[in-house]
Amino acid sequence: MAIIKNVPIGQILMENGFISEAQLTEALNIQRSSNGKMLGDVMLEMGLVSETQLAQALSIRLKVPFIDLSSRKINTEAVSKIPEEVAREKTVFAFEINHGRLMVATNDPVNFYIFEDLKVTTGMEIVPQISTKTMIEAAINKYYSSQAIDSTVNELENESDDTTIDLEKEESEGRIDSAPIVKLVNMMVETAFRTECTDIHIEPFKDRTRIRFRIDGELVEQEMKIPPSFHNSIITRIKILAGMNIAEKRIPLDGRYGTKIDGVNLDMRVSTIPCVYGEKCVIRLLSTADDKTRKITDLGMTDYNYQMFEQIIRCPNGVMLVTGPTGSGKSTTLYATLGELSQPNVNIVTVEDPVEKKIDGINQCQINAKAGMTFAAALRSILRQDPDIIMVGEIRDGETADIAIRAAITGHFVLSTLHTNDAAGTIVRLVDMGVAPYMVASSLVGIVAQRLVKLLCKECKEKFLLEDSEDLKLMNRTEPVEIYRPRQGGCRFCHNTGYQGRTAIHEIIVTTPDIKELISAGATAEEIGAQATKNGTLLLRDNVTKMVLAGKTSIAELVKATYTV
């Protein structure tokens, strides 16, 4: 925000009770050593204030009204006055027409050039009001997409009922991009990408087609009113894109395709399955890493855990395993690890199914089971490629586990993932797969177990006193403690869920000599876990308990991530 520069924003925040004097002093000290960062941005990063509080303080200072777009009734006629590309480029959103003047939300109310441009574009007087960047972007995503989708559905309803035949005919005539059903599918994917959705669910029911997006691990139903008569046409279009058989509707099918949205290359995995009222389709969205691989510390690893993690990746050879259930961010952690290990003098080869992120400077191999390129076959070949570091996407069977362990013993550093519930259980799983305990002991250098926990929405989280004895026991507390919880019904910022964003929690075991002895002796997961705790391993529950006490997540997330019977 360019406007913060010459404004004593800290003073206003303090006077309005948003921050204390001590917090302001700390933020000013950090700002001085941060190469010209603005004070507002520093306080946002520190978590001292929310975006809304910052905008409200600016509103007081500049005497420009603050507008909460999340609770305001929006005039759709006003929205349509500013073209979508202009709204996105200038981060502005028109929400009302008042006596012939256009009310516009902006996060930069002193940038008069923007309003002069808007005056020319709309032919109306512009009245700026302050809002947050997040609110404006959310409103743009919601209202422009819903307007476009509604008009496309209207177009569809005006067409003949047999849309599927029309779709195939139009494709053969080269007019496919202008077909309403094509525009509908494209807009659905664009909306999903802009709301940071990971999966799109397209589900057929008797009287409607339901569209749900998985955002931060939760399914959120979309306000897209799509009549059931268009369901088959939508599925057909997706199948054409993904190179699937459009005539086959009786069995589950898989496919994939790529597209580019807002300059980011996306890889879409498509899966269909026959249901009672038609085929259900799930599209998984994967960014194919045009963006730089993120660092481990950016993914939520604490400084304490990072020190243990560093001990593991410094080893010249051995096996490091990242474990956790499906969707716990294992692959992201592996890629971040590869990013830390990648050097010009190191040969890194990966074998993956599929290659999810393309990383510059790393040789990545794609599994192709039909052609005989299995994990085990690929691993054998990779060992003849003079590798220093090998990354195996997943250890799925005893044969892959055995080759990976042997590769580590012969002087390579091997990274892989495994589906287990905790770090100690990983060792027992390897032995169950048929790898001899002495082989596991001599090759394993460390295990990183991880989960993803949702973060409370900073805008609407509520403080309360936790008194439930069972919940206190989970946190190793006996006395009631003040923590935060999500507000019932949430707010627009968090799609009414009470949570916004996710972070990883970790449990790291470094296989020290005493743990190696236990593995060789065939110890149970409990015995290995107890020894690891003595050696300084913080359990998943310890990590998430700290987050609950710090107000970052809720007790419900602690239970979800770590509860066992």
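## Thr337 and helix α13

Thr337 is found in helix α13, which covers residues 330-341. In this predicted model, Thr337 has a relative accessible area of 0% and is therefore classed as buried, the limit being under 20%. Apart from residues up to four places away in sequence, Thr337 touches Ile296, Phe309, Ile313, Met320 and Leu415.

## Overall architecture

The protein chain contains 22 helices and 18 strands. Its radius of gyration is 27 Å, close to the 24 Å that the globule rule gives for 565 residues, so the chain is as compact as a globular protein of that length. The C-alpha trace spans about 80 × 70 × 50 Å along its principal axes.

Of the 565 residues in the protein chain, 49% count as buried. Where contacts join residues at least 6 apart in sequence, 62% of them link residues at least 24 apart.

## Surface and charge

The protein chain exposes about 27,400 Å², and carbon and sulfur atoms supply 48% of that area. Its charged side chains comprise 63 positive and 76 negative ones. The centres of these two sets lie 1 Å apart.

## Met308 and helix α12

Helix α12, residues 303-313, includes Met308. With a relative accessible area of 10%, Met308 falls under the 20% limit and is therefore buried. When neighbours within four places in sequence are set aside, the contacts of Met308 are Ile508, Val510, Gly536 and Thr537.

Met308 and Arg237 are 71 residues apart in sequence, and their C-alpha atoms are 49 Å apart.

## Val548 and helix α21

Val548 has its place in helix α21, which covers residues 540-549. Its relative accessibility is 0%, so Val548 counts as buried. Val548 and Ile483 are 65 residues apart in sequence, while the distance between them in space is 6.7 Å, C-alpha to C-alpha. Ile483 is also one of the residues in contact with Val548 once neighbours within four places in sequence are left aside.

The buried residues of α21 are Leu540, Asn543, Val544, Thr545, Met547 and Val548. An α-helix has 3.6 residues a turn, so residues three or four places apart point the same way. The buried residues of α21 pack against helices α12, α18 (469-474) and α22 (555-562). They also pack against strands β15 (444-456), β17 (481-485) and β18 (499-510). After α21 comes Gly551, whose phi is positive, near 80°.

## Cysteines

The structure holds zero disulfides. Cys197 is in no disulfide, and the nearest cysteine sulfur, that of Cys281, is 12 Å away. A disulfide is a covalent bond between the sulfur atoms of two cysteines.

Cys315, at 24% relative accessibility, counts as partly exposed.

Note on methods. Residues are numbered from 1 along each chain as its sequence is written. Side-chain values use heavy atoms; hydrogens and water are left out. Helices (H or I, at least four residues) and strands (E, at least two) are DSSP runs, numbered from the N terminus. The radius of gyration is taken over C-alpha atoms; the globule rule is 2.2 Å times the number of residues to the power 0.38. Buried means under 20% relative accessible area, exposed over 50%, partly exposed in between (1.4 Å probe, protein chains only). Contact means heavy atoms within 4.5 Å. Accessible areas come from the Shrake-Rupley method with a 1.4 Å probe; for residues, only the protein chains shown count as cover. Lys and Arg count as positive and Asp and Glu as negative; His and the chain ends are not counted. The place of a charge is taken as NZ of Lys, CZ of Arg, CG of Asp or CD of Glu. A disulfide is a pair of cysteine sulfur atoms within 2.5 Å.
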